[in-house]
Amino acid sequence: MPEKIFTIPINEAFDMYEGCPLCRLKDRLEEQMLGFSLGEAMMEPGVREEMNELGFCPRHFEGLYSMKNKLTLGLILESHLDKARACFETEASGGKRPLFGRDKREAEDAADAMGRHAMSCYICSRISRTEARYYSNVIYLWESDPGFREKLKKQPFFCVTHFSGLLCQAKSCMRREGYLELYAAMAGINGAYFKRLREAVTGFCVSFDHRNSGKPLTEDERKSIERAIAALK
Ligand SMILES: [Zn+2]
Ligand SMILES: [Zn+2]
């Protein structure tokens, strides 16, 4: 049973009919997570530990840095630097393995641990967990609420990340007929949107031809590059 609490923000995002509705939810969540990381998270030792363990990706470090609370960010960085320093003291492992037997060369050293750390992010991980719950709620609404079904069919498009995220989850939990219907709706929306987008990008590109100099771009052509990036992310 999905957590119904998410159905309200989902309906709000789907009521906007502007951009990818799941990007709207994700952007809002990201804002909240940045605030949380520099706020309540500091009061929760378990969360601080998880933040320390996973660190932050460059995008979310930038986000944290753009916020007002520089002291909290400083305290977070102190812990991260301590953790990294401790890690650098780990004895080297690996190198060319001996022919026989296993030895401590196979254990993890700072190269492995830092590599893992560089690939993980506390905020990204929280977002992807919550997104999975958004997906199950969207599927629940699609299956149980005819009004929502119509709403989904009128969305302008789904970015490729959310198109695939939602449908992969739907494929794993819906009955085949239900999945086919949702798939047809979303693929239909995206097929039409991407066709228009492709035409607009072509209009943008041919405007560089000297034979078209002086010919004004349409609104769609002018915004086509930005829109194509938003759809393909
Ligand atoms: Zn999206
Ligand atoms: Zn991140």
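Predicted model: local features only at pLDDT ≥ 70, side-chain atom pairs only at ≥ 80, totals over all residues.

Biologist: Let's start with H9 and H10. Are they roughly parallel or roughly antiparallel to each other?

Modeller: H9 covers residues 160-173 and H10 covers residues 176-206, and their axes come within 10 Å. They cross at roughly 170°. Angles over 145 degrees count as roughly antiparallel. H9 and H10 are therefore roughly antiparallel.

Biologist: Is their crossing left-handed or right-handed, and which residues of H9 make the contact?

Modeller: H9 and H10 cross in a left-handed way. On the H10 side, the contact uses Tyr179, Leu182, Tyr183, Met186 and Asn190. The H9 side supplies Phe163, Leu167, Ala170 and Lys171.

Biologist: And how many residues of that contact are nonpolar?

Modeller: Taking both helices together, the contact of H9 with H10 has 1 polar and 1 charged residue. The nonpolar ones number 7.

Biologist: Now H2 and H7. Where does their angle put them, roughly antiparallel or oblique?

Modeller: H2 is residues 21-37 and H7 is residues 122-144; their axes come within 10 Å and cross at roughly 140°. The roughly antiparallel class needs an angle over 145 degrees. That makes H2, relative to H7, oblique.

Biologist: Which residues of H7 does H2 meet?

Modeller: The crossing of H2 and H7 is right-handed. From H2 come Leu22, Leu25, Lys26, Leu29, Glu30, Met33, Leu34 and Ser37. Their partners in H7 are Tyr122, Ile123, Arg126, Ile127, Thr130, Glu131 and Tyr134.

Biologist: How many charged residues sit in that contact of H2 with H7?

Modeller: The contact of H2 with H7 includes 9 nonpolar and 2 polar residues. The charged residues come to 4.

Biologist: H7 also packs on H9. At what angle do their axes cross?

Modeller: The crossing of H7 and H9 is right-handed. Glu131, Ala132, Tyr135, Ser136, Val138 and Ile139 of H7 contact Gly165, Leu166, Gln169, Ala170 and Cys173 of H9. That contact is split into 7 nonpolar, 3 polar and 1 charged residue. The axes come within 9 Å, and the crossing angle is roughly 65°.

Biologist: On to the inside. Which element gives the largest share of the largest nonpolar core?

Modeller: The core has 22 residues, and Ile10, Leu22, Tyr134, Val138, Trp142 and Phe158 have the most contacts inside it. Elements giving two or more residues are helix H1 (7-14), H2, H7, H9 and H10. The largest share is 6 residues, and it comes from H7.

Biologist: What is isoleucine 10 in contact with, leaving aside its neighbours within four places in sequence?

Modeller: Isoleucine 10 is among the residues with the most contacts inside that core. Its partners beyond those neighbours are Leu25, Tyr134, Asn137, Val138 and Leu141.

Biologist: Some single residues now. Does tyrosine 17 count as buried or exposed?

Modeller: Tyrosine 17 is in the loop between H1 and H2. Its phi is positive, about 50°, although this residue is not a glycine. It has 10 C-beta neighbours inside 10 Å, and 12 or fewer is the cut-off, so tyrosine 17 counts as exposed.

Biologist: Which residues does threonine 90 touch, not counting those up to four places away in sequence?

Modeller: Threonine 90 is in the loop between helix H5 (70-88) and helix H6 (110-119). With 15 C-beta neighbours inside 10 Å, threonine 90 counts as partly exposed. Its C-alpha atom is separated by 6.0 Å from that of alanine 110, 20 residues apart along the chain. The residues threonine 90 touches are Asp109 and Ala110.

Biologist: And phenylalanine 6, which residues does it touch on the same terms?

Modeller: Phenylalanine 6 is placed in the segment before H1. It has 19 C-beta neighbours inside 10 Å, so phenylalanine 6 counts as partly exposed. Not counting residues up to four places away in sequence, phenylalanine 6 touches Arg133, Tyr134 and Asn137.

Terms used
Residues numbered from 1 in each chain as written. Chains lettered and ligands numbered in written order. Axes fitted to C-alpha atoms, helices over the stretch in contact; angles between N-to-C directions. Helix = DSSP H or I, 4+ residues; strand = E, 2+ residues; numbered from the N terminus. Parallel < 35°, antiparallel > 145°, perpendicular 65-115°, else oblique. Left-handed = near helix turned anticlockwise from the far one by under 90°. Contact = placed C-beta atoms within 7 Å. Nonpolar A, V, L, I, M, F, W, Y, C, P; charged D, E, K, R; others polar. Core = buried A, V, L, I, M, F, W, Y, C linked by C-beta atoms within 7 Å. Buried ≥ 20, exposed ≤ 12 C-beta atoms within 10 Å, placed from the backbone.
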